[in-house]
Amino acid sequence: QVQLVESGGGLVQPGGSLRLSCAASGSIFSINDMYWYRQAPGKQRELVASITSGGSANYADSVKGRFTISRDNAKNTMYLQMNSLKPEDTAVYYCNADISRAKYSPLLNYWGQGTQVTVSS
């Protein structure tokens with residue numbers, strides 16, 4: 001069994017910062033690409049940022065220059081540092097990862113349960 005658990009969400013004022021964490025646990029052999037998605041009320045889930053196992057990152061245009069994705073492979077943990085937050089960043093943020101559970105096993109995709117981020121004065 002593999003679990004992804006997000007933490008760090010909350011209520012923050014516009015212009016503020018939050019740091020999200022996503023910890024992977026369970027029967028894990030290796031973690032390939034990891035992703036942060038978000039879903040605002042009434043909207044489709046969208047990709048916010050992604051990071052390879054080697055640390056190469058990509059961002060949605062809407063968060064470039066404000067958000068930073070990173071990971072600690074030794075801890076099977078991914079982070080999202082969110083600065084200069086705007087009300088339109090309000091959403092449930094989800095962790096997603098491609099994980100192999102054993103040597104020669106295929107990569108399977110896993111989701112976390114989500115963490116709420118609310119940006120409001």
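This is a predicted model: local features need pLDDT of at least 70, side-chain atom pairs count only at pLDDT 80 or more; totals for chains, interfaces and linings use all residues.
Is Arg-38 buried or exposed, and at what relative accessibility? I started there, and Arg-38 comes out as buried, because its relative accessibility is 5%.

**Entry 1: the charges around Arg-38**

I looked up the partners of Arg-38 next. Glu-46 makes a salt bridge with Arg-38, and their closest N and O atoms are 2.6 Å apart. I checked Glu-46 as well, and with 34% relative accessibility Glu-46 counts as partly exposed.

Asp-89 also meets Arg-38 in a salt bridge, at 2.9 Å from N to O. That pair links distant parts of the chain, since Asp-89 is in the loop between S8 and S9 while Arg-38 is in strand S4, 51 residues apart. Both Asp-89 and Arg-38 are buried.

I then asked which residues belong to the network. Salt bridges with shared partners join Arg-38, Glu-46, Arg-66 and Asp-89 into one network. I wrote beside this that side chains of opposite charge can pair when their charged atoms come close.

For the tally, I found four salt bridges in the structure. One of them brings together the side chains of Lys-64 and Asp-61, at 3.2 Å from N to O. Asp-61 counts as exposed, because its relative accessibility is 66% and the cut-off for exposed is over 50%.

**Entry 2: rings around Trp-111**

How many aromatic pairs does the structure hold? I got three. In one of them, Tyr-37 and Trp-111 are tilted, with 4.9 Å centre to centre and 55° between the planes. This pair links distant parts of the chain: Tyr-37 belongs to strand S4 (residues 30-39) and Trp-111 to strand S10 (residues 108-111), 74 residues apart.

Trp-111 also pairs with Tyr-94, edge-to-face this time, at 6.3 Å centre to centre and 85° between the planes. Tyr-94 lies in strand S9 (residues 91-100) and Trp-111 in strand S10, so this pair ties together parts 17 residues apart in sequence.

Tyr-94 is buried, with a relative accessible area of 14%, whereas Trp-111 counts as partly exposed at 38% relative accessibility. Putting the ring pairs together, I get a cluster of Tyr-35, Tyr-37, Tyr-94 and Trp-111.

**Entry 3: arginines over rings**

Tyr-94 has a charge over its ring too: the charged end of Arg-45 sits there, 3.8 Å from the ring centre. I found another such case at Tyr-79, where the charged end of Arg-19 sits over the ring, 4.0 Å from its centre.

Leaving out residues up to four places away in sequence, Met-82 touches Gly-16, Ser-17, Leu-18, Leu-20, Arg-66, Phe-67, Tyr-93 and Val-117.

Methods. Residues are numbered from 1 along each chain as its sequence is written. Side-chain values use heavy atoms; hydrogens and water are left out. Rings of Phe, Tyr and Trp (its six-membered ring) pair if their centres lie within 6.5 Å; planes under 30 degrees apart count as stacked, over 60 as edge-to-face and the rest as tilted. Helices (H or I, at least four residues) and strands (E, at least two) are DSSP runs, numbered from the N terminus. Buried means under 20% relative accessible area, exposed over 50%, partly exposed in between (1.4 Å probe, protein chains only). A charge sits over a ring if NZ of Lys or CZ of Arg is within 6 Å of the ring centre and within 35 degrees of the ring normal. Contact means heavy atoms within 4.5 Å.
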